[in-house]
Amino acid sequence: MVIPQGNGKGVTTTTAIAYPLAWRIIGALLTAISGATLPVLLVIIVAGIHYFPPLMLMRVFSILVLAPASAAWLIKRAFTARVEVTGGTLVIERHELRVEIPCRAIARITAWTIPLPGTGLWLRLQSGRRFRYGLQLDDPTALLEALAEAGGLEGARVLLQHPSVLYARAKHSGPRWRWYHLLLKFPAFALVPTLPLFRVDQIIVWGGTFGQYYLRGLKPYLQGFGLLWTVVTIDLVIYAGGWRILAEAGVLLAAWAAPSRAARVRRLAEVACRVLYYVGIPALLIRRFLPW
């Protein structure tokens, strides 16, 4: 999370992920595996290429999506650092690590061409060596502006128009998501398709809405509902995540092809994702019950 702060005295503070190269590669691979799995599963499920029984779907989702994403998150947490530009010095603090680099000792800054595991920067020092830590930031704009001002780095100002930076700026210019937004979007919204699907299943298999409850008791009835709710929630994560990955790839390509239109393409992508999710899911549910 990037939270630029200023105290009116030429100090810029932000939060970044200070990755050593090897850990950045590991994090990128884990993020890529988790992200690439979502559109693949989306195509398989929507196109009917393969049917996943509920427990198999949960297993596949856990191994190929949840596990690598969780591992990438843990690595990210481990290398989270406080980055500050103050008094012409870039200060990076993480746990017991503190590194101070005079801004004028920075010869060049380069942006990561592929934003994995996120948008980031490499620092090249006047000595010719690359700084050992790559800095991943949600939006590098504030840090680049501070480095340009403190160290006279014209390259930092030029980098503000780099496609990866424009992509990150457009991506994080809107309101930030909280954990409860995800609960509302997935488990809560999953009740929309879960309730009618569960009722139809009860009528077909058990002869009525509460058929399983009357015949086998409350526990099996609730277990059946919980299993269906969990599977539908996973289906929604795959559906939304698959479209999101495709949309992010499109926005990134647009940032490279037409940098000036990155923000506009981002807005269109956000609208498209919302329509596909909040209109597409009910439409697919209705389509399932149509006789043709």
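Select Thr 119 in the loop between strand 6 (106–111) and strand 7 (120–125). This is a predicted model. Thr 119 has a relative accessible area of 7%, so it counts as buried. Now show its surroundings. Beyond its neighbours within four places in sequence, Thr 119 is in contact with Trp 112, Leu 135, Gln 136, Leu 137, Pro 140, Ser 164, Tyr 167 and Ala 168.

Look at the peptide bond that runs from Leu 116 to Pro 117: it is cis, with omega near -5°.

**Helix 5**

Next, select residues 163–171, which form helix 5. How many of its nine residues are buried? Seven are, so helix 5 is largely enclosed by the rest of the structure. The buried ones are Pro 163, Ser 164, Val 165, Leu 166, Tyr 167, Ala 168 and Ala 170. Ser 164, Tyr 167 and Ala 168 are among the contacts of Thr 119.

**Asp 139**

Move to Asp 139, in the loop between strand 8 (133–136) and helix 3 (141–151). Which side chain of opposite charge is nearest to Asp 139? It is Arg 169, 4.6 Å away. A salt bridge needs a nitrogen-to-oxygen distance within 4 Å. Asp 139 is buried and has no salt bridge. Its side chain does have a polar partner: a contact of 2.6 Å joins Asp 139 to the side chain of Thr 141.

**Strands 4 and 5**

Select His 95, in the loop between strand 4 (89–94) and strand 5. His 95 is not a glycine, yet its phi is positive, at about 50°. Is His 95 buried or exposed? With a relative accessible area of 68%, His 95 is exposed.

Step on to Leu 97 in strand 5 (residues 97–102). Leu 97 is partly exposed, because its relative accessibility is 23%. Not counting residues up to four places away in sequence, Leu 97 touches Ile 92 and Tyr 133. Ala 81 is 16 residues from Leu 97 along the chain, and their C-alpha atoms are 9.1 Å apart.

**Salt bridges**

Side chains of opposite charge can pair when their charged atoms come close. The structure holds eight salt bridges. Select Arg 82, Glu 84, Glu 93, Arg 98 and Glu 100 together: salt bridges link them in a network. Within it, Glu 84 and Arg 82 meet at 2.7 Å, N to O. Glu 84 is buried, at 14% relative accessibility. Arg 82 is partly exposed, with a relative accessible area of 37%.

Now go to helices 9 and 10. The side chains of Arg 244 and Glu 270 form a salt bridge of 3.0 Å, N to O. Arg 244 sits in helix 9 (residues 218–257) and Glu 270 in helix 10 (residues 262–278), so the pair, 26 residues apart, links distant parts of the chain. Arg 244 is partly exposed, at 24% relative accessibility.

Then pick Glu 248 and Arg 266, whose side chains meet in a salt bridge of 2.8 Å, N to O. Glu 248 is in helix 9 and Arg 266 in helix 10, so this pair ties together parts 18 residues apart in sequence. Both Glu 248 and Arg 266 are buried.

**Zoom out**

Finish with the whole protein chain. It has eleven helices and eight strands. Its C-alpha atoms fill a box of roughly 75 × 40 × 35 Å along the principal axes. Of its 292 residues, 43% count as buried. Colour by charge to find 31 positive and 13 negative side chains, with the centres of the two sets 7 Å apart.

Notes. Residues are numbered from 1 along each chain as its sequence is written. This is a predicted model: local features need pLDDT of at least 70, side-chain atom pairs count only at pLDDT 80 or more; totals for chains, interfaces and linings use all residues. Side-chain values use heavy atoms; hydrogens and water are left out. Helices (H or I, at least four residues) and strands (E, at least two) are DSSP runs, numbered from the N terminus. Buried means under 20% relative accessible area, exposed over 50%, partly exposed in between (1.4 Å probe, protein chains only). Lys and Arg count as positive and Asp and Glu as negative; His and the chain ends are not counted. A polar contact is a pair of N or O atoms within 3.5 Å; within protein, one must be able to donate a hydrogen and the other to accept it, and residues adjacent in sequence count only if both atoms are side-chain atoms. The place of a charge is taken as NZ of Lys, CZ of Arg, CG of Asp or CD of Glu. Contact means heavy atoms within 4.5 Å.
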